[in-house]
Amino acid sequence: MKKTILLIGVFLFLAAVAVGGEPKYVFLFIGDGMAFPQRMAAEEFSRYSGKGGLAINKFPYHAVTRTASSSSLTTDSAAAATAIACGVKTYNGAVGLNAKGEKVVSVAEYAKSKGKKVGIITTVTLNHATPAGFYGHRAGRTMYFELGLDLVASGFDFFGGGGIEYYRKNGVDIFKEAAGKGYTVLNGKSDLDSLRPGQKTIFLADAKDKKMSYAIDADPEVPTLAEITAGGIKVLDNPEGFFMMVEGGLIDYAGHGNDAAINVYEVLAFDEAVKVALDFYHKHPEETLIIVTGDHETGGMTLGCVSSTLNVKYFAHQKCSSAKVGSLVAEARKNDPEFDFEKAKSMLTEYCGFKFNNGAGHIKLDSKDVASLKEAFDKNELHHTIRMIINKKSGIGWTTYGHTALPVLTTAIGCKAEIFQGYIENTDISLKLKDIL
């Protein structure tokens with residue numbers, strides 16, 4: 001009898017879980033160019049730094065996710081965004097269209113039609129491929145002005161992050177069009193406090209038409225991805241709930257540049273934004289769903305290579321991106337005719353942690369490293385050599401400057417998170433979300 005009662009209790013519990021309520025609040029985080037290697041490199045560095053593992057890697061549900069587009073095993077961001085947002089495979093370059101060129105409805109548009117508020121956040125420009133996949137419908141991802149018009153026409157409630165690329169054409173200004181549709185355009189950290197619930201907003205982190213800076217190079221006066229995510233929640237939170245897509249777009253840029261240190265720091269900044277959503281989840285655990293995925297892998301990153309085992313400690317000594325170091329050295333040369341490689345060494349020690357002979361620094365260089373830096377200095381191409389040396393010392397290898405067909409990892413927590421398990425297609429993310437919304 002007791003066994004029967006126990007079995008009935010278990011059955012009722014499982015049935016309740018299966019039937020469950022639908023999530024009122026949905027967060028979809030997309031790390032552009034972020035697959036298993038990027039997550040694990042950042043995981044190891046976070047552990048080395050004493051901060052523990054990444055929040056995104058602690059989610060209880062996991063799904064290996066195939067990323068192929070309809071035209072190639074290796075997708076681009078437009079086709080991947082369309083798959084994740086709209087639930088259909090399409091050709092590389094297409095935004096919000098199926099492989100036949102027909103418009104398809106995104107999960108964000110679907111959520112809006114159901115009365116939910118919608119927010120789109122990214123570290124790159126707001127009319128770039130990934131964010132555009134949730135509101136745009138164009139045959140080519142480089143139709144930036146037209147995608148800007150789609151942004152305004154969407155009626156979504158909050159856009160935040162980078163600016164709008166090519167926002168003016170033939171006398172038409174996207175920002176003026178947005179103002180005419182009831183949007184308030186805000187800019188910079190000082191405007192974050194002025195965000196109001198229910199206020200239709202386009203929030204620009206810094207420049208009107210540029211992506212955000214790498215996290216390691218960011219101006220303290222420019223809001224972070226995490227801070228913009230918190231601002232978006234403030235605007236969107238309402239009794240009907242909301243859908244929010246947040247993209248870490250610069251992970252992809254670092255991958256294209258084969259810059260391991262910057263890639264790791266971008267994933268960490270992305271993880272901080274996810275923690276903002278987790279704070280919200282802990283206040284609304286039965287009504288909130290958080291999903292984290294990548295659109296594809298970029299760079300063919302490998303952890304540990306022939307010349308070196310993985311050694312993430314070297315990332316701790318880099319104070320800014322290799323590109324910024326290169327520009328600082330170039331500026332110093334311009335202002336000081338006597339600025340030579342010997343003077344440049346002190347900057348390389350300060351910003352990269354390079355140790356020349358018995359000098360200061362933490363990353364010991366051999367004679368070949370020094371010779372490579374000297375040659376790069378003479379050619380004004382320091383940034384390439386800086387990242388190559390840090391890659392080599394840290395044991396990070398790369399196979400390409402483009403995308404690869406590696407699967408990505410999708411993780412989830414919260415209401416209905418259990419539906420994200422096993423081996424899935426990227427299209428399944430949208431289809432599952434539409435089903436539960």
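Modeller: Helices (H or I, at least four residues) and strands (E, at least two) are DSSP runs, numbered from the N terminus. You are looking at a predicted model, where local features need pLDDT of at least 70 and side-chain atom pairs count only at pLDDT 80 or more, while totals for chains, interfaces and linings use all residues. Residues are numbered from 1 along each chain as its sequence is written, and side-chain values use heavy atoms, leaving out hydrogens and water.

Biologist: Thanks! Which strands does helix α2 lie across?

Modeller: Helix α2 (residues 36-48) lies across β2 (61-66), β10 (288-294) and β17 (408-414). Its direction is at about 65 degrees to β17, with axes fitted to C-alpha atoms (for helices over the stretch in contact) and angles running from 0 to 180 degrees between N-to-C directions.

Biologist: What is the strand order in the open sheet?

Modeller: Its 10 strands follow the order β7-β8-β4-β3-β9-β1-β10-β17-β2-β18, and the pairing is mixed.

Biologist: Why are β7 and β18 called edge strands?

Modeller: Two strands pair if DSSP finds at least two bridges between them. β7 (184-187) and β18 (422-425) each pair on one side only, so they are the edges. From one strand to the next, the twist averages 15 degrees.

Biologist: How do you know that β3 and β4 pair?

Modeller: Count the bridges: β3 (residues 117-122) and β4 (residues 158-161) share 4, in the parallel sense, and at least two are needed. Ile121, for instance, has Gly160 in β4 as its bridge partner.

Biologist: Why is His128 called buried?

Modeller: Buried means under 20% relative accessible area, exposed over 50%, and partly exposed in between (1.4 Å probe, protein chains only). The relative accessible area of His128 is 10%, so the word is buried. This histidine sits in the loop between β3 and α5 (129-132). Leaving aside residues up to four places away in sequence, His128 touches Arg141, Tyr144, Glu165 and Tyr253, where contact means heavy atoms within 4.5 Å.

Biologist: And what makes Asn238 count as buried?

Modeller: Its relative accessibility is 15%, so Asn238 falls in the buried class too. Asn238 is in the loop between α8 (225-236) and β9 (242-248). Among the residues it touches are Lys24 and Tyr25. Tyr25 is 213 residues away along the chain, yet the two C-alpha atoms are separated by 9.6 Å.

Biologist: What makes the nonpolar surface patch?

Modeller: Met40, Leu303 and Leu310 form it, over about 200 Å². Patch residues have over 30% relative accessible area and no salt bridge, with nonpolar side chains (Val, Leu, Ile, Met, Phe, Trp, Tyr) joined within 5 Å and like charges within 9 Å. Leu303, in strand β12 (residues 302-303), has 34% and is therefore partly exposed.

Biologist: Why do Asp157 and Lys112 form a salt bridge by definition?

Modeller: A salt bridge needs a side-chain nitrogen of Lys or Arg within 4 Å of a carboxyl oxygen of Asp or Glu. Here the N to O distance is 2.9 Å, so the pair qualifies. Asp157 lies in the loop between α6 (144-154) and β4 and Lys112 in helix α4 (residues 107-113), so the pair ties together parts 45 residues apart in sequence. Asp157 is buried at 6%, whereas Lys112 is partly exposed at 27%.

Biologist: How many salt bridges does the structure hold?

Modeller: There are 17. One of them joins Glu272 and Lys275 at 3.0 Å, both in helix α10 (residues 260-283) and about one turn apart. Arg66, Lys89 and Glu425 are linked in a network of salt bridges.

Definitions and conventions. Areas by Shrake-Rupley, 256 points an atom, 1.4 Å probe, with all protein chains shown as cover.
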